[in-house]
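Please keep the sequence and the model in view while reading.

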Amino acid sequence: MKKGYIQSVNSVSEFQQIVKSMNEIDVSSDNIVINPSFSDYIKTVEPGDCIVVSSLDLFSSLSELMDTTVELAQRGIRIKSLADAWYDVSPEMAPVLIGIIGFGKRIRASSWINESKSRRKNPWASGWLNKNC
């Protein structure tokens, strides 16, 4: 069953637009909830359900998004975002998405480490330290 989750809205027209968008992808108005705690809400969702969120802004960090995605996938729950079309994760696709995101994080970490090493060799070369300090 498709279930909709709206974290918050700024206006009645925004709310109506989100509900209309959810209705267009077969989320019944009766199955749309507004602004409860998402962590509490996902406890009520059952395996085989699909949660459609209005936006990924409800997650405070990439780590929280990944952790929630893994938790839902392990429970057999699909999650999809209206505002972020790329985020449509079935339980089967969750490991792939987590792998891609994790790979990106490792690349950033590696770049940061290499950059830090070059700064330690010559901190003035990259402008990292200001000579006027």
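How many salt bridges does the structure hold? The structure, which is a predicted model, holds five salt bridges.

D88 and R78 meet through their side chains in a salt bridge, with an N to O distance of 2.8 Å. R78 belongs to strand β4 (residues 78–81) and D88 to strand β5, so this pair ties together parts that are ten residues apart in sequence. D88 also forms a salt bridge with K80, where the closest N and O atoms are 3.8 Å apart.

## The E71 and R75 pair

Another salt bridge joins E71 to R75, and the closest N and O atoms of this pair are 3.8 Å apart. E71 is partly exposed, with a relative accessible area of 34%. R75 counts as partly exposed too, at 25% relative accessibility.

## S81 in strand β4

S81 lies in strand β4. Is S81 buried or exposed? S81 is buried, with a relative accessible area of 3%.

Leaving aside residues up to four places away in sequence, S81 touches V53, S54, S55, L56 and Y87. A polar atom of the S81 side chain also lies 3.4 Å from the backbone nitrogen of A83. The cut-off for a polar contact is 3.5 Å, so the 3.4 Å between the S81 side chain and the A83 backbone nitrogen falls within that limit.

## A nonpolar surface patch

Which residues make the nonpolar surface patch? M93, V96 and I100 make this patch, which covers about 280 Å². M93 lies in the loop between β5 (88–89) and α4 (94–121).

M93 is partly exposed, with a relative accessible area of 43%. Patches are made of residues with over 30% relative accessible area, so M93, at 43%, passes that cut-off.

Technical notes. Residues are numbered from 1 along each chain as its sequence is written. This is a predicted model: local features need pLDDT of at least 70, side-chain atom pairs count only at pLDDT 80 or more; totals for chains, interfaces and linings use all residues. Side-chain values use heavy atoms; hydrogens and water are left out. Patches are made of residues with over 30% relative accessible area and no salt bridge: like charges are joined within 9 Å, nonpolar side chains (Val, Leu, Ile, Met, Phe, Trp, Tyr) within 5 Å. Accessible areas come from the Shrake-Rupley method with a 1.4 Å probe; for residues, only the protein chains shown count as cover. A salt bridge is a side-chain nitrogen of Lys or Arg within 4 Å of a carboxyl oxygen of Asp or Glu. Helices (H or I, at least four residues) and strands (E, at least two) are DSSP runs, numbered from the N terminus. Buried means under 20% relative accessible area, exposed over 50%, partly exposed in between (1.4 Å probe, protein chains only). A polar contact is a pair of N or O atoms within 3.5 Å; within protein, one must be able to donate a hydrogen and the other to accept it, and residues adjacent in sequence count only if both atoms are side-chain atoms. Contact means heavy atoms within 4.5 Å.
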